[in-house]
Amino acid sequence: MHPKKISIRDYTYDLPEEKIARYPLAERDASKLLIYQEGKIGEDSYSNIATHLPENSLLFFNDTKVIEARLLFQKPTGGVIEIFCLEPHEQYADITSAMLQQEKVLWKCLVGGASKWKRGQVLEKRSMINDKEILLHAKYVEKRSDYFIIELSWMPAAMSFAEL
């Protein structure tokens, strides 16, 4: 099908809240497995996946880690600023070098509530990580055409951004 002929209505359906998995099962291999074979749809449990794979199948495993990329800050006036980290600033060679930064790091971000946040203004957020109080600052550095440059800094400065 040509992409111009795709309609959002083709993907609109009722999904009852009780059918949405909120948390993974304690025994992950007990999860349901959707089976599509010879035009028929069925289900089984993930523990039986090997019985459904053709001989000489090639499997790819996704071992990527998900980072908490959404940060919410409350301004002293009560307004909320949402910062969504997209990718590290171009000054870093790769994501690993950005994640290993200590004390501060620059990120390309989307900002919800950006009109309420002035360039140079620093937001503050306190949280607990492993029974340590963390003080996180977000500074609006620059607005680019489709994202913002945000400087994130934190105390204790010896932590890496990945640990944070």
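**Entry 1: Lys 108**

I looked up Lys 108 and found that it counts as buried, at 13% relative accessibility. The cut-off I used for buried is under 20% relative accessible area. I note here that the model is predicted.

I then checked what the side chain of Lys 108 meets, and found a salt bridge with Glu 90 (3.3 Å, N to O). Lys 108 lies in strand 5 and Glu 90 in the loop between strand 4 and helix 1 (95–99), so this pair ties together parts that are 18 residues apart in sequence. Glu 90 counts as partly exposed, at 44% relative accessibility.

Next I looked at the strands. Strands of a sheet pair through backbone hydrogen bonds, either parallel or antiparallel. I found an open sheet of 6 strands here, in the order 3-4-5-8-7-6, and the pairing is antiparallel. Strand 3 (70–74) and strand 6 (122–129) are the edge strands, as each pairs on one side only. From one strand to the next, the twist averages 40 degrees.

I returned to the strand of Lys 108. Strand 5 (residues 104–112) pairs with strand 8 (residues 148–155) in the antiparallel sense, over 6 bridges. The bridge partner of Lys 108 in strand 8 is Ile 149.

**Entry 2: other salt bridges**

How many salt bridges does the structure hold? I read 10. Side chains of opposite charge can pair when their charged atoms come close.

I looked up Arg 70 and Glu 82, whose side chains meet in a salt bridge (2.8 Å, N to O). This pair links distant parts of the chain, with Arg 70 in strand 3 and Glu 82 in strand 4 (residues 80–88), 12 residues apart. Arg 70 is partly exposed, with a relative accessible area of 47%. Glu 82 is also partly exposed, with a value of 28%.

I looked up Glu 43 and Lys 32 as well, and their side chains form a salt bridge (3.6 Å, N to O). Glu 43 is in strand 2 (residues 40–45) and Lys 32 in strand 1, so the pair ties together parts 11 residues apart in sequence. Are these two residues buried or exposed? Both Glu 43 and Lys 32 are exposed.

**Entry 3: a nonpolar patch**

Ile 6, Ile 8 and Tyr 11 make a nonpolar surface patch of about 360 Å². Ile 6 lies in the segment before strand 1 (32–37).

Terms used
Residues are numbered from 1 along each chain as its sequence is written. This is a predicted model: local features need pLDDT of at least 70, side-chain atom pairs count only at pLDDT 80 or more; totals for chains, interfaces and linings use all residues. Side-chain values use heavy atoms; hydrogens and water are left out. Patches are made of residues with over 30% relative accessible area and no salt bridge: like charges are joined within 9 Å, nonpolar side chains (Val, Leu, Ile, Met, Phe, Trp, Tyr) within 5 Å. Accessible areas come from the Shrake-Rupley method with a 1.4 Å probe; for residues, only the protein chains shown count as cover. A salt bridge is a side-chain nitrogen of Lys or Arg within 4 Å of a carboxyl oxygen of Asp or Glu. Helices (H or I, at least four residues) and strands (E, at least two) are DSSP runs, numbered from the N terminus. Two strands pair if DSSP finds at least two bridges between them. Axes are lines fitted to C-alpha atoms, for helices over the stretch in contact, and angles run from 0 to 180 degrees between N-to-C directions. Buried means under 20% relative accessible area, exposed over 50%, partly exposed in between (1.4 Å probe, protein chains only).
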